[in-house]
Amino acid sequence: MDIKAIIQKLYDTNDASREELLYLLDNIDDDSKKFLIDKAYKTRYKYFKNTVFIRGLIEISSYCKKDCLYCGLRRSNKNAERYRLDTEDIIECAKRGDKLGYKTIVLQGGEDAFYTDEKMIEIIKVIKKELPTSALTLSIGERSYDSYKKLYEAGADRFLLRHESATKSLYESIHNNESFEERRRCLRDLKEIGFQAGAGFMVGLPNQTNEDLVNDLRFVKELEPAMCGIGPFIPHKYTPLRDCSAGTTEKTVILLAITRLLLPKVLLPATTALASIDSNGRNEGLRAGANVIMPNLSPMSVRKKYSLYNNKAFILDEDAEYRNSIEEKLKEAGFELVVSRGDNPDFV
Ligand code: 5AD
Ligand code: SF4
């Protein structure tokens, strides 16, 4: 097999077989990596030019009933500082974000039973009433079809639920035997209900192989999510994976680029995790096909408590308040920040 021919095929057809993707991941070198990133950038440019969409991220709760082995918010972490924001806190943050030019608000939290359907519907309705032209994204974990449907009908537009890993054995090994099928059921339901749904996975998980990453790539190709969050695994000191090594910028960037080629119109964030392991991570992600950033809008008082992994970027670039500085830096790197909802082109 010829590695550049595989990349060219990905560029021309937005598809490649399992064998081709595996060959690409196993054999990529500096020269072919440049070729890949160039093709991914050209593909992004075709649909999005050099624009970057911004989302204001509000971390609504650090309580979680799940026990994912990699995450600092897992319920077994007795050192985690727990908080939850009430409706008023959330609305205030969302309005502050709107004034700063964030026309998508993302509410993210652990799986916290406090946020019942009724509570979420109340929050969604107030945000939609106050900010009728903004998009509202939820990222609050696994729920029933009926629950998702109610949240959609209340006005939520998008839902992020990373599949985390498309290999059943790897998924189960890092999720305390939570159901792999149930996670996928959620994603299918979200899509069917009409949400712009976001899947995604971590790169560099302990024992993750290139075969596993090929499973992730084929899974997202087949699911065709509107969004896909890809970031490096980063160990957290109060989790069982504390001594494992983190994913790398290089590998994450390669996966972003291949994902852009497989799903040319996908909304692809240069994630905070990527920015956290590498001060140039955001720009490298954007150059490899990413087109979204999600700076933090949470109240200052809770930021350190929302600790999924260690060394999370608290740098200005990840702080929504510094919008002008973010815009300036993007401009220096050749990108243009746009103030809009930033929908997936297939949903406009
Ligand atoms: N390293 C990297 N990403 C993590 N996430 C959770 N814990 C970690 C970690 N230690 C990611 C998961 C989750 C998203 C909100 O954050 O993929 O879906
Ligand atoms: Fe909870 Fe999400 Fe962390 Fe898992 S990754 S423990 S579901 S906050």
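Predicted model: local features only at pLDDT ≥ 70, side-chain atom pairs only at ≥ 80, totals over all residues.
Figure 1. The phi of K49 is near 50°, a positive value, and K49 is a residue other than glycine. Is K49 buried, partly exposed or exposed? Its relative accessibility is 45%, so K49 counts as partly exposed.

**Figure 2. N14, in the loop between helix 1 (3-13) and helix 2 (18-27).** Here is another backbone angle to look for: N14 has a positive phi of about 55°, although N14 is not a glycine. N14 counts as buried because its relative accessibility is 19%, and the cut-off for buried is under 20%.

**Figure 3. The residues around ligand 2.**

**Figure 4. The largest nonpolar core, with 96 residues.** Helix 10 (residues 249-262) gives the core its largest share, eight residues. A closer look at I258 shows that it touches L10, L21, L24, L25, L36 and L217, leaving aside residues up to four places away in sequence.

**Figure 5. A second, separate core of eleven residues.** Where can you find your way into this second core? Its members include M227, V292, M294 and V338.

**Figure 6. Stepping back to the whole protein chain, with its 13 helices and nine strands.** The C-alpha trace spans about 55 × 40 × 35 Å along its principal axes. A compact globule of 348 residues would have a radius of gyration near 20 Å, and the protein chain, at 19 Å, agrees with that. Buried residues make up 61% of the 348 residues. Among contacts in the protein chain with a separation of 6 or more, 75% come from residues 24 or more positions apart. As for the surface, the protein chain exposes about 14200 Å², with carbon and sulfur atoms supplying 48% of it.

Terms used:
Residues numbered from 1 in each chain as written. Chains lettered and ligands numbered in written order. Heavy atoms only, no water. Helix = DSSP H or I, 4+ residues; strand = E, 2+ residues; numbered from the N terminus. Buried < 20%, exposed > 50% of the residue type's maximum accessible area, 1.4 Å probe, protein only. Near = heavy atom within 4 Å. Rg over C-alpha atoms; globule rule 2.2 N^0.38 Å. Contact = heavy atoms within 4.5 Å. Areas by Shrake-Rupley, 256 points an atom, 1.4 Å probe, with all protein chains shown as cover. Core = buried A, V, L, I, M, F, W, Y, C linked by side-chain atoms within 4.5 Å.
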